[in-house]
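Hi everyone, thanks for coming. Please have a look at the structure on the screen, and then we'll walk through it together.

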Amino acid sequence: MSRYRSLFSWLMLPLLALGSLAALAEPLDGAAQALHMLGYIGADYPATVADGQVVDAGEYREQLEFIGVLQGLVVALPAKAERAELEQGIAALKHAVEQRQPGADVAHQARQLSARLAALYQVAQTPAITPDPERGAPLYAQHCSVCHGDAGAGDGPAGIGLEPPPANLRDAARLDRLSLYDLYNTLGLGIEGTDMPAFADQLDDRQRWDLASYIAGFSAAPAQGRTQFRMADLAGRTPAEIVAEGGDGAAFRAQRAHPTVEKRGPQQLIGHTRSTLEHSLQAYRDGHVEQAYDLSVGAYLEGFELVESALDNLDAVQRKTTERALMAYRQAVQDGASVAQAAQALELAKVELDKSAALLEGGAMNASLSFFSSMLILLREGLEAILVLAAILAFLNNTGQQQAARSVHVGWGLALLAGVATWAVAAYVIDVSGAQRELLEGATALFASVVLLWVGVWMHDRRHAAAWQDYIKSSLVGGGGRFGFAVLAFFSVYRELFEVILFYETLWLQAGPAGHGAVLAGAGAALVVLLGLAWVILRGSRKLPLATFFGVNAVLLCILSVVFAGHGVAALQEAGVLGTRPVAFFEFDWLGIHPDAWSLSAQALALAGIALLYGRSLLGERRRTAEQA
């Protein structure tokens, strides 16, 4: 027997030794194991025969043994009328191997049986969230490179002397016979009898898909083919299948190594949410809580979240109601509610999804709705940023620090460039997933909240003329202070800008060619209002006494800090990083107030920080007054 062993080698040897399949208690686990076996046979059998002759006797014997194990796995699955047909198909596969039929034919039979088995037992072979090889790269470096090598050639330092040796992940001929799901499945199950561990407890569903996509990149080259493949094909089919059908194999390899978020219409996106939630409930019934939760997150981020801005333009109340229903189902899964309770939450969510779908079915918006929607988007997203910028610029101008004001202009200018660049990269180079968007928004909002709180308290401390004069030559408004103001300006604008671009992209499509003029007019009107607001703040601030001006600015920035804290937590909840805890409270999205315990707690923490810092400031002021007396 050769030293080379495939990625799937030795999978079932312990089961053969024990002679029992009792360990496979979970139906979905058994189906996944069977799919794992079929993937192994389809990938490795072709190398064991040539022209009807066995070329590797040891490997060929293992193929026969594994088919026997596969038959036992299928028999152990829950009884269904169609299972007999599946058993017959596996018997035919065994016969083909015994007859030493061509490798391509056997591999094709194995792939067909995989598709039939996955459909029969509802095994999801498509990721809920589009895989991202950029997220998979550090996972590979952490968990895989020590054995498989940095480039995947199986030459890692920990792989020296292992028997069987680590698989060569750059073997293009072999990777062409494996689907992305096969790689994902192997990462979850591991390979018994080898040093390849199961990562199901260390890596969640999303991470295993990301890592599988990264591994697929070892055998892929950049391709310029125009063929676009659906995510279901990229995950469940192999390059060899695509080539056999006359398809563009190079494009398929390239796309599964760098999957793009599919561009779908509102009805398709809501349909994706509905079907993914049904898969989530099925996984929950089968006891796979983590998978069910990941699917519930993906259902929102890769579906409904992408139509929220369009729905907001038609009925903001319905958008919020639907979003809350989706979050309620997700939380039921996370809290370990009964299957009946989770199913009830899902039914309520599906009712709201149907209502939202009906609203979005109308097609293009009329001109007046396009105009006002466009204006409200820019006003809603730009108001917070313009308030921060105008307040800081007024502060610097009133205190004679025009040079420091230049750093603020540099900050928001760089934010504009960064926002446009991010949009361009997301639109033309890679696709930014829903999770990445929400994580980006949440992280920048929380960071801006902290910086705003710091600047607001700092302004309060300097509200008296004497205190300002003592501090005016300090480094805070010198190099360090200018950098701080530039950072604040950058994050205040960048946080809003990318979301504005995404909203306008959706509105542009929804308005249709006839409504594009109204969209541009609405954006222009909002820009005029925002610039007018900034002018009023800058001009009006010159008439205020220094102490009053500083105090007003400090209060404004601290309020915005609380708003950003609420928005940041809400974004992280949508990304699935944090759970939800609905409470009886009012909602005011413009102020970041959501009826949720975590979001309100973050805002309460920001308020406590303000009270603590202001209390410290007042104590210091009293101490200085007492010393002067």
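Which residues of H5 are buried? First, some ground rules: this is a predicted model, where local features need pLDDT of at least 70, side-chain atom pairs count only at pLDDT 80 or more, and totals for chains, interfaces and linings use all residues. Residues are numbered from 1 along each chain as its sequence is written, and side-chain values use heavy atoms, leaving out hydrogens and water.

Back to helix H5, residues 103-120; helices here are DSSP runs of H or I, at least four residues, numbered from the N terminus. Its buried residues (under 20% relative accessible area, 1.4 Å probe, protein chains only) are Gly103, Val106, Ala107, Ala110, Arg111, Leu113, Ser114, Leu117, Ala118 and Leu120. Just after H5, Gln122 has a positive phi of about 50 degrees.

Leu117 also belongs to the largest nonpolar core, which has 61 residues. By that I mean buried Ala, Val, Leu, Ile, Met, Phe, Trp, Tyr and Cys residues joined through side-chain atoms within 4.5 Å. Leu117 is among those with the most contacts inside this core, along with Leu70, Leu183 and Leu211. Helix H2, residues 27-44, gives the core its largest share, nine residues.

Now follow Leu70. Leaving aside neighbours within four places in sequence, Leu70 is in contact (heavy atoms within 4.5 Å) with Ala34, Met37, Leu38, Ile41 and Ile90.

Lastly, helix H3 (residues 57-75) packs with helix H4 (residues 83-98) at an angle of about 170 degrees, their axes 10 Å apart. That makes H3 roughly antiparallel to H4, a word for angles over 145 degrees.

How values were computed
Buried < 20%, exposed > 50% of the residue type's maximum accessible area, 1.4 Å probe, protein only. Helix = DSSP H or I, 4+ residues; strand = E, 2+ residues; numbered from the N terminus. Axes fitted to C-alpha atoms, helices over the stretch in contact; angles between N-to-C directions. Parallel < 35°, antiparallel > 145°, perpendicular 65-115°, else oblique. Expected span 1.5 Å × (residues − 1).
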